[in-house]
Amino acid sequence: MRNFNDALLKEGDYLFVPGMSFDYVGSIAFRAEQNFFAWLKACSREKITVCSVCNGAFALGEEGLLKDTECTTHWRRVKELQSKFPEARVLSDILFIKSNNVYTSAGISAGIDLALAILEDLQGPLFTHKVARGLVVYHRRSGKHRQQSIYLDYRNHINPQIHEVQDYMIENLA
């Protein structure tokens, strides 16, 4: 495995910080990653777009990349992100957002939405559609979509017959 310092990044590149366990984010080991946090800040200064998925936003915050920046994270961690980084402008119910040269996204699937939105900006909608089709995802979810999916509303029960009826209704709206 290579060290992050070996990455040959240049202006215009994109760097993604993946999601990570929230237990790790609160650990001594995470706080000890000062070299990594400083490297993220250096990348940002070099006009490399820094992106985070889910709890990866906490790594961006450690070196001040969220200061005066609109950002988001997984809905379960929004309050913790705002509390830990009070100078960040944490948005609570969106999939992803770009602010300054930082992108942040909610959960893992929102990270896919973010990557597809960036890809569409770089390569256009037809190319992105082909990639999304290969991934078997719908690629038109914008950053403004809510984190709570309408398909999960009213699914907080355990009755499989009710699920079957709900699925039938969704598939046969007419």
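A residue is called buried when its relative accessible area is under 20%, exposed when it is over 50%, and partly exposed in between, for a 1.4 Å probe and protein chains only. By this scale Lys-47 is exposed, with a relative accessible area of 52%. The structure is a predicted model, in which local features need pLDDT of at least 70 and side-chain atom pairs count only at pLDDT 80 or more, while totals for chains, interfaces and linings use all residues. Residues are numbered from 1 along each chain as its sequence is written, and side-chain values use heavy atoms, with hydrogens and water left out.

**Overall architecture**

The chain contains eight helices and six strands; helices (H or I, at least four residues) and strands (E, at least two) are DSSP runs, numbered from the N terminus. Their order along the sequence is β-α-α-α-β-α-β-α-β-β-β-α-α-α. Of the 174 residues in the chain, 35% are buried. The C-alpha atoms fill a box of roughly 55 × 40 × 35 Å along the principal axes. With contact taken as heavy atoms within 4.5 Å, 57% of the contacts between residues at least 6 apart in sequence join residues at least 24 apart.

**The sheet and its helices**

An open sheet of mixed pairing is formed by four strands in the order β1-β2-β6-β5. Its edge strands, β1 (14–17) and β5 (96–99), each pair on one side only. Two strands are said to pair if DSSP finds at least two bridges between them. From one strand to the next, the twist averages 15°; axes are lines fitted to C-alpha atoms, for helices over the stretch in contact, and angles run from 0 to 180 degrees between N-to-C directions.

Strand β6 (residues 102–105) is joined to β2 (residues 49–53) in the parallel sense over four bridges, whereas β5 and β6 run antiparallel and are also joined by four bridges. Individual partners in β6 are listed below.

| Residue | Partner in β6 |
|---|---|
| Ser-52 | Thr-104 |
| Val-53 | Ser-105 |

Helix α3 (residues 34–45) lies across β1 and β2 and runs at about 150° to β1. Helix α6 (residues 108–123) packs on the sheet, where α6 touches β1, β2, β5 and β6, and its direction makes about 145° with that of β6.

**Residues with positive phi**

Most residues other than glycine have a negative phi. Lys-47, in the loop between α3 and β2, has a positive phi near 65°. Asn-100 takes a positive phi near 60° in the hairpin of β5 and β6, which has two residues between the strands. Asn-100 also counts as exposed, at 53% relative accessibility.

**Aromatic rings**

The structure holds eight aromatic pairs. Rings of Phe, Tyr and Trp (its six-membered ring) pair if their centres lie within 6.5 Å; planes under 30 degrees apart count as stacked, over 60 as edge-to-face and the rest as tilted. One aromatic cluster is formed by Phe-4, Tyr-24, Phe-30, Phe-36, Phe-37 and Trp-39.
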